[in-house]
Amino acid sequence: MKNNTICFDFDGVIIKKQPYGDGELWQKPTKDCRKTIKMLSKNFKIVISSVRCHPSPRKYYKHEVVHTAKYKIGKMKKWLKKNKIYYDEITPFKPRAFIYVDDKGYRFTDMQALAKYLKQI
């Protein structure tokens, strides 16, 4: 059976990039996000993955407040509802999926190609 899950990274893919800060989400959705996800949801399970909601607390900046995963997931759900973006699940982990949509991704073919790519940047 073919996996019918599409996993979207939250920051930089669904919401425009912003610092983690206090957990508030003020940026707008990325262009055509709502329309594309709505279309894909007809044939795929939509999972949003984000380290933003990871259960272990971590600070990225000295001034950052550490919130619980439940709090951060609540903020994400509120933002997604406000912006009318459909999803089936939110997770801090990388689930099994048909495809991963991530702004920091690299299309892996082999280790030599990866090493060559990294030397260029």
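## Core and contacts

Phe8 touches Val13, Ile14, Ile37, Leu40, Ile46, Val47, Ile48, Ser49 and Val101, leaving out residues up to four places away in sequence. The model is a predicted one.

Phe8 also belongs to the largest nonpolar core, which has 18 residues. Phe8, Phe10, Ile14, Trp79 and Leu80 are the residues with the most contacts inside this core. Two or more core residues come from each of strand S1 (5-9), helix H1 (33-40), strand S2 (45-49) and helix H2 (69-82).

Leu80 is part of helix H2. Its relative accessible area is 1%, and since buried means under 20%, Leu80 is therefore classed as buried. Apart from neighbours within four places in sequence, Leu80 is in contact with Phe10, Ile14, Ile48, Ile85, Tyr87 and Ile90. Arg34 is 46 residues from Leu80 in sequence, yet the two C-alpha atoms are 9.5 Å apart in space.

## The largest pocket

The largest pocket holds about 640 Å³ of space. Its lining is made up of 25 residues, and the elements that give two or more residues to that lining are S1 and strand S4 (99-101). Which residues lie nearest the centre of the largest pocket? They are Asp9, Asp102, Asp103, Lys104 and Gly105. By residue class, the lining divides into 13 nonpolar, four polar and eight charged residues.

## Positive phi angles

Asp32 and Lys84 are each a residue other than glycine with a positive phi value. Asp32 lies in the loop between S1 and H1, while Lys84 is found in the loop between H2 and strand S3 (89-91). The table sets out their values.

| Residue | Phi | Relative accessible area |
|---|---|---|
| Asp32 | near 65° | 39% |
| Lys84 | near 55° | 66% |

Definitions and conventions: Residues are numbered from 1 along each chain as its sequence is written. This is a predicted model: local features need pLDDT of at least 70, side-chain atom pairs count only at pLDDT 80 or more; totals for chains, interfaces and linings use all residues. Side-chain values use heavy atoms; hydrogens and water are left out. A nonpolar core is a set of buried Ala, Val, Leu, Ile, Met, Phe, Trp, Tyr and Cys residues joined through side-chain atoms within 4.5 Å. Buried means under 20% relative accessible area, exposed over 50%, partly exposed in between (1.4 Å probe, protein chains only). Helices (H or I, at least four residues) and strands (E, at least two) are DSSP runs, numbered from the N terminus. Contact means heavy atoms within 4.5 Å. On a 1 Å grid over the protein atoms alone, a cavity is a set of points where a 1.4 Å probe fits but cannot get out, and a pocket is an open set with protein on both sides within 12 Å along at least five of seven lines; lining residues have an atom within 4 Å of a point. Grid points are joined across faces, edges and corners, and a volume is the space filled by probe spheres set on the points. Ala, Val, Leu, Ile, Met, Phe, Trp, Tyr, Cys and Pro count as nonpolar, Asp, Glu, Lys and Arg as charged, and the others, Gly among them, as polar.
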